[in-house]
Amino acid sequence: MEEQEVVNSERLKNLLDTKQYAILRSTMTEMNEADVAAALDLMEDADSLKMFRLLPKDIAADVFALMDEDNQKYIILSLSEKEASDIIENLMADDATDLLEEMPANIVKKILSNASPATRKDINLLLQYPEDSAGSIMTVEYVDLRASMTVYDAIQRIKKIDLDSETVNICYVLSNKRVLLGTVALRYLLLKPETSVIGDIMNSNVISVTTTTDQEETAKMFQKYDFEAMPVVDNENRMVGIITIDDVVDIIEEEATEDIEKMAGIVPTEKPYLKTNLWDTYKKRMPWLLLLMISATFTGAIISKFESALAAYVVLTAYIPMLMDTGGNAGSQASVSIIRSLSLGDIRFPDIFRVIWKEVRVAVMCGITLSCCNFIKLMLLDKVAMNVALVVSLTLVIIVIFSKIVGCTLPMIAEKVGFDPAVMASPLITTIVDALSLTVYFNLATRILNI
């Protein structure tokens with residue numbers, strides 16, 4: 001797919017460079033809007049703007065909605081106020097709001113001043129909702145019907161407002177005060193007699209979210225109920241908009257990226273890697289690196305405390321990295337599994353003892369297997385004394401058990417007290433496990449080796 005995008009971009013760029021503008025316009029018109037947007041994203045800003053100006057007005061807004069956020073901002077700031085307002089006017093309200101949220105206030109004011117009153121009302125409505133809430137990502141373009149309508153009346157209304165609606169697959173039945181009463185699928189309207197009354201054929205068992213519902217919780221509901229669109233209501237069950245599946249795909253990608261960055265000890269960023277400047281990248285990474293460096297001093301203190309043991313058995317030093325890495329890996333395995341299960345709703349804090357019991361059994365099996373393999377390797381290949389091999393192998397069993405307990409409990413405790421479980425992932429768990437590993441290792445060594 002990426003290779004095809006590069007080919008499309010090079011082909012369009014060649015037409016632009018050779019000034020074959022008519023062919024270029026025709027070619028872009030025949031291409032899928034997503035392919036045009038991807039091709040423009042790969043070009044220099046100036047070339048991307050020239051090509052965008054060549055697009056017919058009826059598809060320019062569709063292409064614009066699919067472009068990279070930075071390119072959208074460059075284009076909208078390069079257009080005249082009237083041209084920019086035309087683009088905003090033809091975008092779905094949620095897409096227009098996402099763009100304007102990132103724009104300077106003075107630019108937003110100028111663009112909206114040229115937009116229609118209805119567009120300004122819709123965008124201002126969305127801008128007032130909290131970030132990452134269902135209200136902030138919904139669109140206000142949907143098909144609303146009345147329970148007293150006939151199927152014929154409903155179809156005529158759909159034909160009238162189709163181009164102004166995000167989707168017509170599901171229509172929403174509202175009261176005169178816009179209270180959500182039910183839904184009716186377009187296919188039912190096509191199959192039912194024209195004289196049927198909407199109130200008699202609608203589905204009154206409606207699942208909805210409120211404007212303040214967190215976007216991640218909204219995405220989970222889409223997954224649970226297999227929806228393509230979901231109504232958004234206020235506290236009085238009055239309908240204010242809908243969220244569609246394309247918005248949910250963006251949410252899932254955003255939340256997954258955020259969790260991955262947190263698990264790696266990076267403050268989440270909204271920009272793509274190559275478009276994040278050096279200073280921002282530094283600021284995102286430095287806090288955790290500093291914290292982990294300071295916390296790692298505990299491991300140094302433990303080693304200093306057992307200097308006599310290391311002096312008597314220098315060979316013990318050679319196995320410290322292996323033990324610490326194995327413990328860190330075991331803890332990370334458990335934490336990643338638990339964090340993912342928490343995000344999917346498969347487990348909750350009351351399940352903590354069931355989780356610990358399962359992880360302990362897994363840890364015992366893994367620890368014994370690793371210990372046996374390590375003991376054989378130490379005796380046959382490293383040819384160390386049996387008592388040293390015993391210390392290393394026993395430590396391996398214990399730290400694997402401890403690591404998996406720490407790895408599975410910390411994320412669950414974090415969620416219980418209101419922290420993000422992803423923060424308790426690899427970096428923090430590895431630091432804790434390192435300290436535990438050294439403590440167990442040196443205490444076993446002093447007892448078994450009589451140091």
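**Charge on the surface**

Colleague: Which residues gather in a patch of negative charge on the surface?

Modeller: The model is predicted, so local features need pLDDT of at least 70 and side-chain atom pairs pLDDT 80 or more, while totals for chains, interfaces and linings use all residues. Residues are numbered from 1 along each chain, and side-chain values use heavy atoms, without hydrogens and water. A patch takes residues with over 30% relative accessible area (Shrake-Rupley, 1.4 Å probe) and no salt bridge, joining like charges within 9 Å and nonpolar side chains within 5 Å; Asp and Glu count as negative, with their charge placed at CG and CD. The negative patch is made of E69, D98, E131, D246, D250, E253 and E254.

Colleague: Which helix gives the largest share of the negative patch?

Modeller: Helices are DSSP runs (H or I) of at least four residues, and strands (E) of at least two, numbered from the N terminus. D246, one of the patch residues, is found in such a helix. Four residues of the patch, its largest share, come from the helix of residues 245-263, namely α16.

Colleague: How far apart in space are D247 and D95?

Modeller: In sequence, 152 residues separate D247 from D95. Between their C-alpha atoms the distance is 9.4 Å.

**Salt bridges**

Colleague: How many salt bridges are there?

Modeller: A salt bridge needs a side-chain nitrogen of Lys or Arg within 4 Å of a carboxyl oxygen of Asp or Glu. Side chains of opposite charge can pair when their charged atoms come close. Under this rule the count is nine.

Colleague: With which residue does R238 form a salt bridge of 2.9 Å?

Modeller: R238 is partly exposed, because its relative accessible area is 35%. R238 also meets E236 in a salt bridge at 3.2 Å, N to O, and E236 is exposed at 53%. The partner at 2.9 Å is buried, because its relative accessible area is 17%; that partner is D234.

Colleague: What is the area of the nonpolar surface patch?

Modeller: The patch is made by W279, Y282, M286, L289, L290, M293 and I294. Among them, L290 is found in helix α17 (residues 278-295) and is partly exposed, because its relative accessible area is 42%. The area of the patch is about 740 Å².

Colleague: What length does helix α22 reach?

Modeller: Helix α22 covers residues 386-416, which is 31 residues, and is followed by G418, whose phi is positive, near 100°. The expected span is 1.5 Å times one less than the number of residues, here 45 Å. From first to last C-alpha, α22 comes close to this, reaching 45 Å.

Colleague: How far apart in space are N205 and G182?

Modeller: N205 is placed in the loop between α14 (198-201) and β4 (209-210). N205 counts as exposed because its relative accessibility is 61%. Although 23 residues separate N205 and G182 in sequence, their C-alpha distance is 6.7 Å.

Technical notes: Buried means under 20% relative accessible area, exposed over 50%, partly exposed in between (1.4 Å probe, protein chains only).
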